[in-house]
Amino acid sequence: MSSKKETYSNKVHHNVDKFYYDNHRVRKSGKPQALNIYQNNNGKLEGGRQHDPIYNNENVGRQIYTFGCSWTYGWDLEQTQTFTHLLGDENTAVHNYGAGGTGLDFAVKTLSEVYMPESRRQIFIITVPHFFRRTWFDDDGVILRAWQVKEQTDINEYNNYYNFLHNYELLNRFVGRDKIIWGTWDMDLPKDKFDVFFERIDYTDDGLHPGPKSHKQYANRIKEIYESKR
Amino acid sequence: MSIKKHFTNWKPPSHKALQITSQDDLITDKIIDVVDKYYYKNVRCNNSGYETPITLYERGSRINDDKNNPNAKYEIHNFGCSWTYGWCLEQKDSFPHLLIEDDIASFNYGAGRTGLDYAVKKVSEVYEKRNHRENRNFIYVITIPHTFRRMFIEDSGMARRSIEKPTAALINEYNHYLYFLHHYEMLNRLVGKDRIIWGTWDNEVPENKLDIFFELHDLASDDRHPGLESHKIYAEKIKNVIKERNLFK
């Protein structure tokens, strides 16, 4: 018979592992449920946009991976209207890993899943959401919604900013600053850490997310950056 | 009136607007200054703005070792806390020193009271500085301290090497384990698990994530840290893993 300590540890490991490796939240009842990170995912992680309908050739010389929240996903837009898709062409495959409601730590986790150290073709575009978003568990082992963590915990701004900086620098140092284009739509973050700003010049139907013009403008800015680096 | 009209000049709502804080700026210049100094320079600012270096070493840095051959073909980089540093021992008695051979240089980045996040930060500095993405002549030995340790800044802006135990106890086990797991997997995935030897002296770290355990066979003069024999045995375990994995061939 396992001790109380072991049982507790197993539950801790189980709930955290379910999140970290499977993108699932374990509810208080013990029932796992897919994170609601894609629009209309029906609780099953459906609706991801990693596979582009047109620019998906894995053999072409440039493989662009985008990470971020619903702004990267293109909430309330067709996939072909998103900035990720607009970066594609016959020589460029694109992979949209945007996940609604998530923070930078989730983007870093996801990037580490697709990163190939030996590849010279991968380019990563990370659009940082509110810096204070992070993955956080309540005392029952249920993951909070990342954007609500600030309200539901008392983590101070020093530690929130440290958390951003740590994830930011680890990626730059391990992956290479030259392989990453850093963007954001959060005006609180220091500008000198970013290459591009995602401006919202129009809206989707929900009145919250950037519309087609905003995505087009952002895609053009990103193209200018990586063309200038060639 | 269309809801869109309300959002014409939309920007992310501030904490003040959300009635969470009394200020609009979430990251003030002071916050950036305090965190940047802590992160990049290992310096803390006290309440009166006075800056002091964070104490990481008992008898100075042991990163380099005089015995290292500057032309050694292979490198072992050791990361961890006071157990890696060899607190209360001479440098020559610490396990990183015992790994040195003619063709193998060994570096000791052990820093007292730090946690895994500090170790990973140091790994990232070494990885970049020594261009380990290209030069695959290295091994990282990471000896994980208590998993609840994390870099931490108090509300006053006072930075700590790691969180104090009573404060750590206010954070539940799920978040401690997540913090460990994120650092562990980031290194495995971004650097390569084959290049890392994972050890610990904390028996709360899941066994299946580890290669070796740092056992306490004897004590140093403070009766808390591992003594000579413990370091010797741990060094032998590391050498065995290197041999088994054929890492320096």
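## Where chain B meets chain A

A: Across the interface of chain B and chain A, two salt bridges are found, a salt bridge being a side-chain nitrogen of Lys or Arg within 4 Å of a carboxyl oxygen of Asp or Glu. This is a predicted model, in which local features need pLDDT of at least 70 and side-chain atom pairs count only at pLDDT 80 or more, whereas totals for chains, interfaces and linings use all residues. Residues are numbered from 1 along each chain as its sequence is written, chains are lettered from A and ligands numbered from 1 in the order in which they are written, and side-chain values use heavy atoms, with hydrogens and water left out.

One salt bridge links the side chains of E134(B) and R120(A), at 3.4 Å from N to O. Between chain B and chain A there are also 25 residue pairs in polar contact, both residues being at pLDDT 80 or more; such a contact is a pair of N or O atoms within 3.5 Å, where, within protein, one must be able to donate a hydrogen and the other to accept it, and residues adjacent in sequence count only if both atoms are side-chain atoms.

On the side of chain B that touches chain A, the elements giving two or more residues are α2 (29–41), α5 (116–129), β6 (152–153) and α7 (173–192) of chain B; helices (H or I, at least four residues) and strands (E, at least two) are DSSP runs, numbered from the N terminus. The largest share of this side, 15 residues, comes from α7(B). By class, the side has 30 nonpolar, 10 polar and 19 charged residues, where Ala, Val, Leu, Ile, Met, Phe, Trp, Tyr, Cys and Pro count as nonpolar, Asp, Glu, Lys and Arg as charged, and the others, Gly among them, as polar.

The contact (heavy atoms within 4.5 Å) takes 59 residues from chain B and 63 residues from chain A. Together the chains bury about 5,500 Å², 63% of it on carbon and sulfur atoms, this being the accessible area (1.4 Å probe) that two parts lose on being put together, summed over both. Y174(B), R189(B) and L190(B) supply 16% of the area that chain B buries against chain A, more than any other three residues.

Moving into the interior of chain B, seven of the seven residues of strand β5 (residues 138–144) are buried, so this strand is largely enclosed by the rest of the structure; buried means under 20% relative accessible area, exposed over 50%, partly exposed in between (1.4 Å probe, protein chains only).
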